[in-house]
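Work through the exercises below with the coordinates open. Try each task before reading its solution.

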Amino acid sequence: MKKILIGLALAAILYTAEHLAPERSTVRNENRPLPAETPHTSRRQDKRTRKDTGRTATVSRPKGLEIPAYLTDRPEEIVAHEGYTVSFNRKHKLPNWVAWVLTRERTRGTVKRSDVFQPDPDIRKGQTAEDADYRRSGYDRGHMCPAADNKFSKKAMEECFYLSNICPQTHSLNAGDWKELEEKCRRWAVRYDSLYIVCGPVIRPADRLPAIGANRISVPRSFYKVLMRIDRDGKAQAIGFVCQQEDKDRPLSRYATSVDEVERLTGINFFSKLPKELERKAEADYDLKSWEGLK
């Protein structure tokens with residue numbers, strides 16, 4: 001009888017934790033190690049029917065799969081907005097990373113660009129960038145999560161113009177190959193249903209960089225973007241891109257690399273919630289032919 005009562009009590013605790021725990025719209029971290037289970041890592045099942053065989057393939061997709069592992073070697077404040085999540089670095093006043101899921105539906109929105117750049121009101125530790133820091137600096141306000149990926153919601157569009165989602169970029173890169181990569185990602189989201197995307201400036205903890213504006217916004221030398229998708233057969237396909245500030249008018253394939261290489265450059269652990277064997281295979285190499293239109 002005692003064992004039965006203990007079992008019932010444990011079942012009640014587990015049910016309460018899973019079903020009654022409050023949702024968090026904002027997740028903050030300050031140099032804490034990644035716990036074994038976070039609000040981002042609750043499991044869900046994505047079942048897709050394979051028409052060629054008539055069988056159903058079950059792919060386990062952890063919620064928050066796009067969120068990298070917590071950083072412990074640099075300042076980090078994590079804030080979740082409607083269209084993206086940002087890890088903010090108060091030292092450089094730039095994102096460590098910006099992550100989002102780009103779905104086919106998100107590419108079909110009709111909300112117009114906001115174009116109102118403003119400080120992120122949810123950043124609580126230290127100074128943040130202001131629009132005046134970019135004026136007459138010689139650099140564009142370069143989006144990490146682009147406006148065209150946030151047309152699905154007025155709130156998401158407004159939040160993607162928060163300066164926590166912005167980095168100083170040369171005009172040739174921002175309006176050139178970086179924009180082309182953003183457009184390619186939207187086409188891939190339509191083609192492959194959804195993409196997990198993380199991007200940001202390449203900044204290592206010991207880097208000393210030039211700065212702009214009264215708030216001393218660091219100017220990165222290069223930027224990265226990593227993409228991952230899960231196909232109908234349950235296999236993960238991943239690829240990375242690294243662009244230098246001075247890069248322009250090059251085929252996107254020239255920027256392509258493995259996610260492992262981007263992890264080496266940035267010190268960031270991407271897609272860590274994938275099953276380890278799946279993560280290892282996806283990140284170790286990349287295949288240009290598996291990304292339509294990439295030559």
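**Exercise 1. Find which residues Glu66 touches, leaving out residues up to four places away in sequence.**

Solution. The model is predicted.
- Step 1: Glu66 sits in the loop between strand E2 (56-62) and strand E3 (77-80).
- Step 2: check exposure. Buried means under 20% relative accessible area. Glu66 has 11%, so Glu66 is buried.
- Step 3: list the contacts. Glu66 touches Ala99, Trp100, Val101, Tyr196, Ile197 and Val198.

**Exercise 2. Decide whether Thr85 is buried or exposed, then list what Thr85 touches.**

Solution. 
- Step 1: Thr85 belongs to strand E4, residues 85-89.
- Step 2: the relative accessibility of Thr85 is 7%, so this residue counts as buried.
- Step 3: leaving out residues up to four places away in sequence, the contacts of Thr85 are Ile67, Ile78, Val79, Ala80, Trp97, Val98 and Ala99.

**Exercise 3. Locate Asp149 and identify the side chain that Asp149 joins by a polar contact.**

Solution. 
- Step 1: look in the loop between strand E6 (140-143) and helix H2 (154-159); Asp149 is there.
- Step 2: Asp149 is at 1% relative accessibility and therefore counts as buried.
- Step 3: beyond four places in sequence, Asp149 touches Trp100, Leu102, Arg106 and Arg186.
- Step 4: take Arg106. Asp149 and Arg106 are 43 residues apart in sequence, yet 6.4 Å apart in space, C-alpha to C-alpha.
- Step 5: take Arg186. Its side chain and that of Asp149 are joined by a polar contact of 2.8 Å.

**Exercise 4. Work out where the buried residues of helix H6 fall, seen down the axis, and what they pack against.**

Solution. 
- Step 1: helix H6 covers residues 276-284, and its buried residues are Glu279, Ala282 and Glu283.
- Step 2: down the axis of H6, these buried residues fall within an arc of 90°, so they line one face of the helix.
- Step 3: the partners are strand E12 (236-244) and helix H5 (259-266); the buried residues of H6 pack against both.

**Exercise 5. Count the cavities of 30 Å³ or more and describe the lining of the largest cavity.**

Solution. 
- Step 1: the count is one cavity of 30 Å³ or more.
- Step 2: the largest cavity holds about 40 Å³ of space.
- Step 3: its lining consists of Arg74, Pro95, Asn96, Pro201, Val202, Ile203, Tyr224, Thr266 and Ile268.
- Step 4: sort that lining by class.

Terms used. Residues are numbered from 1 along each chain as its sequence is written. This is a predicted model: local features need pLDDT of at least 70, side-chain atom pairs count only at pLDDT 80 or more; totals for chains, interfaces and linings use all residues. Side-chain values use heavy atoms; hydrogens and water are left out. Buried means under 20% relative accessible area, exposed over 50%, partly exposed in between (1.4 Å probe, protein chains only). Helices (H or I, at least four residues) and strands (E, at least two) are DSSP runs, numbered from the N terminus. The arc is that of the directions from the helix axis to the C-beta atoms. Contact means heavy atoms within 4.5 Å. On a 1 Å grid over the protein atoms alone, a cavity is a set of points where a 1.4 Å probe fits but cannot get out, and a pocket is an open set with protein on both sides within 12 Å along at least five of seven lines; lining residues have an atom within 4 Å of a point. Grid points are joined across faces, edges and corners, and a volume is the space filled by probe spheres set on the points. A polar contact is a pair of N or O atoms within 3.5 Å; within protein, one must be able to donate a hydrogen and the other to accept it, and residues adjacent in sequence count only if both atoms are side-chain atoms.
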